[in-house]
Amino acid sequence: MNREVLRLAIPNILSNLSIPLLSSVDTALVGHLNGVHYIGAIAVGGAILNMVYWGFSFLRMGTTGPTAQAHGSQDREEEASQFGRAICVALFFGVLLILLQDLVFWAGLSIMKASPLVEKHARIYLSIRIYAAPATLSLLVMHGWFLGMQNARFPLYLALTSNAFNIGLNLYFVKVMGMKSDGIALGTLIAQYTALSVGVGLIVLRYRPTLRHLKFENIIKWSALQKLFSINRDIFLRTLALIFVFTYFTAQSAQFG
């Protein structure tokens, strides 16, 4: 039992440890640019997107449990349905965020109350990164589904792919192409879709037999969708509380200039 727990836990720990490395590299890159407003733009823009994406973290946590139950009972049809259902929800909200981006930016920047120069570059940063929304939300689903399938290695591969490409592209766009905070946003955008492509490839290679059980009528079954949102309601409310705390401190610091 201990060996099984470690098999699942260690890759997950390594995956989470890789996240601070990315933000440290981004901060170091932008910190060497002429103008503190660039680092302010990334801080404010990143906080707004984190606020949005954390709100959808139920796509990861809420997928793991039901998938693990289906996996434990060897219900291949339900395993496939859990994935298909969550991916459809992720893509729907991802596209919706792109369509409503002006409203999202206005609400986020109104809360932050940054200086005009920071807000200007934050809006440019956001206008690029928002197009990664479908990929970002889909990756949340993949992480949750892989863990539910007792596979902790694939989420680690996705995290390493995303972070490695993100760091490499950010270095290229800022150091070689001479871009500013917009280069950081573009690097993140490309890295997210690269990781998504890798995730699709891993699913096709490893779980093709499971996906053969995927049925459209099971994905759109209203009772199953109701259960999905019912399970995730409390997770969503808990996440909103966390978002409020982190956003509050960022908003207060942004007002110092």
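T63 is found in helix α3, with helices taken as DSSP runs of H or I of at least four residues, strands as E runs of at least two, both numbered from the N terminus. Here's a quick tour of the predicted model, where local features need pLDDT of at least 70, side-chain atom pairs count only at pLDDT 80 or more, and totals for chains, interfaces and linings use all residues. Residues are numbered from 1 along each chain as its sequence is written, and side-chain values use heavy atoms, leaving out hydrogens and water.

**Overall picture**
- The protein has 11 helices and 0 strands, so its elements, from the N terminus on, read α-α-α-α-α-α-α-α-α-α-α.
- Of the 257 residues in the protein, 48% are buried (under 20% relative accessible area, with exposed over 50% and partly exposed in between; 1.4 Å probe, protein chains only).
- Take the contacts (heavy atoms within 4.5 Å) with a separation of 6 or more: 84% of them link residues 24 or more positions apart.

**T63 and V141**
- T63 counts as buried because its relative accessibility is 2%.
- Leaving aside neighbours within four places in sequence, T63 is in contact with F58, A86, V141, G144 and W145.
- V141 lies in helix α7, and it's buried too, with a relative accessible area of 0%.
- With neighbours within four places in sequence set aside again, V141 is in contact with L59, T63, F83, A86, I87 and A90.
- V141 and C88 sit 53 residues apart in sequence, yet their C-alpha atoms are 9.8 Å apart in space.

- L97, leaving aside neighbours within four places in sequence, is in contact with V52, Y53, F56, V104, I130, A133 and L137.

**α8 against α9**
- Helix α8 (residues 153–176) and helix α9 (residues 181–211) pack at an angle of about 150°, with their axes 8 Å apart (axes are lines fitted to C-alpha atoms, for helices over the stretch in contact, and angles run from 0 to 180 degrees between N-to-C directions).
- That angle makes α8 roughly antiparallel to α9 (over 145 degrees; under 35 is roughly parallel, 65 to 115 roughly perpendicular and the rest oblique).

**α4 against α9**
- The axes of α4 and α9 come within 9 Å and cross at roughly 125°, so the two helices are oblique to each other.
- On the α4 side the contact is made by R76, E79, A80 and F83, and on the α9 side by I203, T210 and L211.
- By class, that's 4 nonpolar, 1 polar and 2 charged residues.

How values were computed:
Ala, Val, Leu, Ile, Met, Phe, Trp, Tyr, Cys and Pro count as nonpolar, Asp, Glu, Lys and Arg as charged, and the others, Gly among them, as polar.
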